[in-house]
Amino acid sequence: MITTLALLLIRQTAGPTVQADPVVAAIIKESKTNSKVMAMLTEVTSKYGPRLTSSTNLDKASQWAMATFKKMGCKNVHLEPWGSFPVGFDRGRNSFGRMNSPEKRDFEFTSPSWSEGTRGPLKGKAVLNPKNAEELAARMADLKGAWVIMDRQPRRLRANEKPSPEVQAQIDLDAKVDAAGIAGRVYGSRSDLVITSGNFRDKTFESHPTDRSVTVRKADFDAIQKALTDGKPIELEFNLDQRWRKGPVVNSNIIAEIPGTEKPDEVVIVSGHFDSWDGPGSLGASDNATGSCTAMEAARLLLRAGAKPKRTIRFILWTGEEQGLFGSRSYVIQHEKELDKISAVFVDDGGSNYNGGYTGHPDMGPVLEAAFAPAVEAFPDLPMKFVVRANPKTSIGSDQDSFNAVGVPGFFTSESSVEKYGAQNYNFIHHTQHDHMKYVIPIYLDQTAVSHAVVAWRLANNPGLLPRYPKFDYTLNPASIPGFPGKTK
Ligand SMILES: [Zn+2]
């Protein structure tokens with residue numbers, strides 16, 4: 001409980017919205033004097049690294065998140081399984097790629113998640129991909145043990161795609177090149193960003209493709225091509241420190257609560273996805289350890305402020321977001337009977353700019369504006385606004401979409417920046433080799449955590465649930481969730 005003197009001091013400095021509510025005042029004071037967002041962010045990224053869904057890293061980081069929620073004083077902290085992947089995938093920290101000759105050059109590169117590693121450094125000469133069967137026959141001996149330089153982008157068939165004759169010819173040729181015993185294929189990125197993705201489907205620990213594939217940034221690929229054009233012998237070396245993990249691997253969301261005192265069945269959800277891609281160089285910092293840590297910090301701020309909300313405030317760290325919003329979509333199906341009692345779901349997943357506000361139905365505007373007003377008072381340089389959104393089902397590509405699709409108000413913290421503190425260029429960072437701590441902007445994370453905390457607090461104590469769009473029909477498809485465990489609620 002805050003002292004009268006402290007309250008008086010805050011009253012003098014913080015204006016009318018904050019002074020009326022000692023919990024809000026205490027949230028802001030705790031953030032301004034004792035923020036822990038950066039400490040949590042540093043801990044999770046340095047101790048556990050990136051957190052691919054189905055990886056050992058994510059399992060360990062999830063245990064850390066649960067322990068951290070418990071230490072804060074959260075209740076009902078648990079893992080809630082949403083499905084499973086047939087096989088898991090782990091990437092170590094020792095991957096590298098380089099040219100040893102004719103010049104020494106370290107590459108920035110990636111390889112797909114759920115693909116074959118090298119089990120140690122693997123050297124080989126660089127050889128151009130044969131364009132047809134004749135070239136292949138002429139250069140068969142050359143290909144053995146070589147890193148094959150590709151003049152096209154990786155081509156993977158979509159589910160149920162019937163390949164055209166040209167594509168089928170490529171697939172047949174690729175199979176013959178594989179049979180020649182190559183080290184792997186080297187693709188060039190279109191820019192100096194290398195983007196990591198990958199597909200877990202139709203693979204098991206025992207049975208999976210064994211071809212290797214890397215993508216190097218454009219500058220590195222240009223250097224390889226120049227050496228090829230010059231006719232110089234080229235030696236490449238890759239250590240793809242990556243392993244299959246025996247499945248099925250159960251995947252879970254991480255859940256923690258501050259239980260409601262009057263209407264515990266009614267819920268405000270504050271969330272972010274905890275999983276990330278895992279390409280070399282990435283720690284999954286801005287996508288999305290930041291959004292996870294702002295949710296965790298919001299929990300801590302509320303508990304330190306002694307918040308006893310009327311409704312339950314539930315904190316959820318989703319997983320499987322990057323592969324298809326699996327954690328949140330499964331949650332919606334599993335909790336179908338509770339959907340009418342979820343007042344709002346907040347998702348922070350757009351990098352480390354600040355929370356510039358929300359979009360939604362016009363009736364939501366006054367409630368949300370009153371709810372976030374203290375955050376604007378606390379960070380007067382960082383304005384927030386409510387913007388009307390015409391389509392209730394508008395999707396942005398993160399976990400709030402799963403809720404908006406069924407009529408539960410879902411909000412994506414609209415990523416904003418001001419000149420004074422700079423802007424994070426999210427496209428340069430997310431899913432690339434640059435997603436590490438260097439590009440995180442601490443004050444924006446503090447503002448996001450405070451806005452989460454005060455908005456959740458105000459909505460949890462609001463006379464009614466947040467207004468909604470008119471009801472519409474929707475369908476839930478459990479078959480779209482890999483390894484869906486059944487409705488548990
Ligand atoms: Zn994300």
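I count two strands as paired if DSSP finds at least two bridges between them; strands (E, at least two residues) and helices (H or I, at least four) are DSSP runs numbered from the N terminus. The model is predicted, and I took local features at pLDDT of at least 70, side-chain atom pairs at pLDDT 80 or more, and totals for chains, interfaces and linings over all residues. Residues are numbered from 1 along each chain as its sequence is written.

Sheet. I looked up strand S13 (residues 263-273) and found eight bridges to strand S14 (residues 311-318), the two running parallel. Histidine 273 stands opposite tryptophan 318 in S14. The open sheet has six strands in the order S1-S12-S14-S13-S15-S19, with mixed pairing. Its edge strands, S1 (75-85) and S19 (410-412), each pair on one side only.

Helices. I noted that helix H8 (residues 285-304) lies across S12 (249-258), S13 and S14, at about 145° to S13. H14 lies across S13, S14 and S15 (342-347), at about 160° to S13. Contact here is C-beta atoms, placed from the backbone, within 7 Å; axes are lines fitted to C-alpha atoms, for helices over the stretch in contact, and angles run from 0 to 180 degrees between N-to-C directions.

Alanine 299. Leaving aside neighbours within four places in sequence, I found alanine 299 in contact with Phe69, Met72, Cys74, Ala256 and Phe315.

Domains. The assignment, automatic or from a database, gives domain 1 (13-86 + 248-480) and domain 2 (94-243). Their centres, over C-alpha atoms, are 39 Å apart. I found 15 residues of domain 1 and 13 residues of domain 2 in the contact.

Conventions. Two residues are in contact if their C-beta atoms, placed from the backbone, lie within 7 Å.
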